[in-house]
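Visitor: I would like to learn how to read a structure like this one. Please take the features one at a time.

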Amino acid sequence: MPSVFKQGDIMIGGIFPVFNKELGITSTFESEPPGVVCAGFDLRAFRWTQVMIFAIEEINSDPTLLTNISLGYKILDSCASPTNTLRAALTLASQPNEIKSASFSLPALSALVAESGSSQSLAIAATLGPFKIPIVSYFSTCACLSNKAKYPTFFRTIPSDYFQAKALAALIKHFGWEWIGVIQSDNDYGQNGIMAFTEEVKKFGVCIAFVGTVLRTYTLEKILKVVEMIKQSTVKVILAFTPEGDFYPLMKEILKQNVTGIQWIASEAWVTATRPSTPEMYQAFGGALGFVVQKMAIPNLNPFLTNISPYADPSAAFVKDFWEIIVGCKSVSLGNDTNTDKTKKMCTGNETLMDSQDTFFNVTELRVSYNVYKAVYAIAHALHQLVFCKPAGEKALRPCVNISDIQPKEVTYHLKRVYFKNQFGDYVSFDENGDPPASYDIINWQLKNKQVQHVTLGHLASVENGAYKLSIQEDKIVWRSGKTVPKSVCSNVCTKGTRKAQVKGKHMCCFDCIPCTDGTIANSTGAADCTPCPLEYWSNERKDECIRKETEFLTYHEPMGIVLTALSLFGASLSLATLAIFIHWRETPVIKASNSELSCFLLFSLFLCFLCPLTFIGRPTVWTCMLRHTAFGVTFALCISCVLGKTIVVVTAFKATHPSNKVGKFGPAQQRIIVCSCTLIQIVICILWLKFNPPFPDKVFRYGNKKIVLKCNTGSEAAFYAVLGYIGLLAVICLVLAFLVRKLPDNFNEAKLITFSMLIFCAVWVTFIPAYVSTPRKFTVAVEIFAILSSAFGLLISIFAPKCYIILITPEQNTRRHVMGINA
């Protein structure tokens, strides 16, 4: 296995994915162990190896840290493979004579800096954990690695994906994205990251449309299936939770098939990677958003990197591949190189890296590289504490522990308690899970000009950084650079007046918007249900507001009210006019023959009956409701009592014509008694009605959805029908008595008039009851008024019209002889 090696008093191992794709395993001779063939030289990972070397060299030259003790290193390539990572870890952990000895009781190194991939770190953490070898990762973020019961010696200088998942979910929520796609790598990093992210976004009601899986070793057919999945979906936002190496094959196919219009959300594993950061990739991936770890510029690192040369150490691993990529030619080794690829341009030997503009040498925004740097320093501080029994910076005369007696478990113990402030003002420490404090930046990846602008999470609403500004314009998030963040929902938010209706078999974010039914509203967008309006309200046409229902009652200014009022006043006037006639001609035979006193009482009661309908018109109140029914009952009882009195007078007169009948005289006193007593009974019924269950104003909702009918509730139905029944009883008695004496032998037989009037009265009120019950809304009141007016006019016309006719039109008939029916 190719390695970078330097001997020291204390050895630290390093494993990096310098080559990011494993092609296979070969063996030249049967007696030799198999070797791994790797491809895809990764400049980013190579820089991590150089940062580790730089940090160790810097520590060795620091007089205050591990004084007079040198650190050595041995760095191997993992080929981004868990299997090869484990092979490298076992190689580093073994004694130099590991082939001869099967014992691993005393490893050859004190600590290990590894690895970038979570799957690789899981493999070595599980294997080396029982041997208490401390492992410090610089780029493995899987939250599963925080389990100290399984991985007691694992530490890392990058935050756990648990925090990144929460930050990504908060980002999705902030932008209002409810319908997103997910790309995960087929390993522990991708699967655990997406699992944590899914749990977080579900709290915000976000739906995941699809989950695509990628891996750097996948065939093109599998990659194309994921591309097709993206093209067929309606999502406009996709989260890619994958390492750069796993995601890059998919990126190339997306670019090749011109899949654009997607807002990409990136995990920290690829959002700042160099390989995808090309002007060509901007077409599809420009403006990607993601969270990254803290950036830092390491002083003096640039000169160290520019001094890398294959001529300094021709046998150094990885340097020739690096040189070929950066310089563009194949280096010439000292002496003859018979294996040189003739197709490659050969270097002259005068090339230099001093003026190179490659991003490899840009050390102003180091993220993962800085994590490598901190990992080495964390190990150094733990070793210093172990060796000198004092923290770095405090004066130590000599070691308190023999270097040869250092055990890895002791380094692990001190790593758990390491806490120091480095030269950049950054505090380095680990919590009980071996994780550093969580700190992320959000970046907008502008590939076009190769700039990365970052702001801290929590200030997304108003962000300005350099040339970029985040602002909200209507329903879109717009960067000043011109990159627009699209809207991504499966279904548009339901407008006011509509509600969500889940579509069977689809995600909860996919729904139809159904208009609210009558009487219900949705006064906010995205309502899950429509809210019923209160009883006295109804929904408007847009179904977004409850409006008060119209009230309906019989009014004076509407046509029906005007007609009924006019008829009522006309009837009252007619009654008064008739009364005036009777008073003026009270001495004439016609008036005397019709019992003038009872006739005047009857006309007065009819006058009151004609005024009763006025209490039925207008808005019902407590007083009008009590007045209208009691006034109607009492006045009509008075009216029929007067008719009854007149009828009894006629009956007694008829009986008196027969000599054999001896009847008592029914004079004025008896007439007054019968009228008052019959009326008093009705008054008592009305008083009891008002006392125990009086009529009251009521609102009726059953006649229509948009109207409230205001009416007078009778209160006691029994009392109401008792009043009507009593009036009906008086009317029937009058009808029977008048019918019996209808053939009285004189020209002016008042019994016939009373009989006819009572027939009209009874017919009106018999038809009133079913009409009253079946008539809806305000017309119920109109029917009752019509019945009152009809019966009153029937009595007035039937009884008094013939008399007025004689008095006013044919006064020659207003004589005693004519009234008595005696011929001249």
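Visitor: Is Cys494 buried or exposed?

Guide: Buried means under 20% relative accessible area, exposed means over 50%, and partly exposed lies in between (1.4 Å probe, protein chains only). Cys494 has 0% relative accessibility, so it counts as buried. Cys513 has 35%, and therefore counts as partly exposed. This is a predicted model, in which local features need pLDDT of at least 70 and side-chain atom pairs count only at pLDDT 80 or more, while totals for chains, interfaces and linings use all residues. Residues are numbered from 1 along each chain as its sequence is written, and side-chain values use heavy atoms, with hydrogens and water left out.

Visitor: What joins Cys494 to Cys513?

Guide: A disulfide is a covalent bond between the sulfur atoms of two cysteines. Here the rule is a pair of cysteine sulfur atoms within 2.5 Å. A disulfide joins Cys494 to Cys513, with 2.1 Å from S to S. The torsion about that S-S bond is -95 degrees, and the link is left-handed. Cys494 sits in the loop between β21 (484-485) and β22, and Cys513 in strand β23, 19 residues apart. Helices (H or I, at least four residues) and strands (E, at least two) are DSSP runs, numbered from the N terminus.

Visitor: How many disulfides does the rule give?

Guide: The count comes to ten disulfides. One of them joins Cys207 to Cys509, again with S to S 2.1 Å. The torsion about the S-S bond of Cys207 and Cys509 is about 90 degrees, so this disulfide is right-handed. Cys207 belongs to strand β10 (residues 207-214) and Cys509 to the loop between β22 (498-502) and β23 (511-515); the two are 302 residues apart. Cys207 and Cys509 are both buried.

Visitor: Which elements hold Cys625 and Cys712?

Guide: A disulfide joins Cys625 to Cys712, with S to S 1.9 Å. The torsion about the S-S bond of Cys625 and Cys712 is about -80 degrees, so the disulfide is left-handed. Cys625 is in helix α16 (residues 622-656) and Cys712 in strand β30 (residues 707-713), so the pair ties together parts 87 residues apart in sequence. Cys625 and Cys712 are buried.

Visitor: In what order do the strands of the open sheet run?

Guide: Two strands pair if DSSP finds at least two bridges between them. Six strands form an open sheet, ordered β1-β5-β2-β6-β7-β8, with mixed pairing. β1 (3-6) and β8 (154-156) are at the edges with a single partner strand each, so one side of each has no neighbour in the sheet. The twist averages 20 degrees from one strand to the next. Strand β2 (residues 10-16) and strand β6 (residues 111-113) run parallel and are joined by three bridges. Ile12 has Ala111 in β6 as its bridge partner.

Visitor: What does Asn433 touch?

Guide: Contact means heavy atoms within 4.5 Å. Not counting residues up to four places away in sequence, Asn433 touches Ser146, Lys148 and Phe154. Asn433 lies in the loop between β15 (427-429) and β16 (441-446). Asn433 and Lys148 are 285 residues apart in sequence, yet 5.9 Å apart in space, C-alpha to C-alpha. Asn433 is partly exposed, with a relative accessible area of 26%.

Visitor: What is the mean pLDDT of the protein chain?

Guide: pLDDT is the predictor's confidence in each residue, from 0 to 100. The mean for the protein chain is 83, and 86% of its residues reach 70 or more. Over residues 97-106 the pLDDT is below 50, and this stretch has four contacts in the model beyond near neighbours in sequence. Over residues 334-340 the pLDDT is also below 50, with two such contacts. Where pLDDT is low, the predicted coordinates should not be read in detail.

Terms used. Axes are lines fitted to C-alpha atoms, for helices over the stretch in contact, and angles run from 0 to 180 degrees between N-to-C directions.
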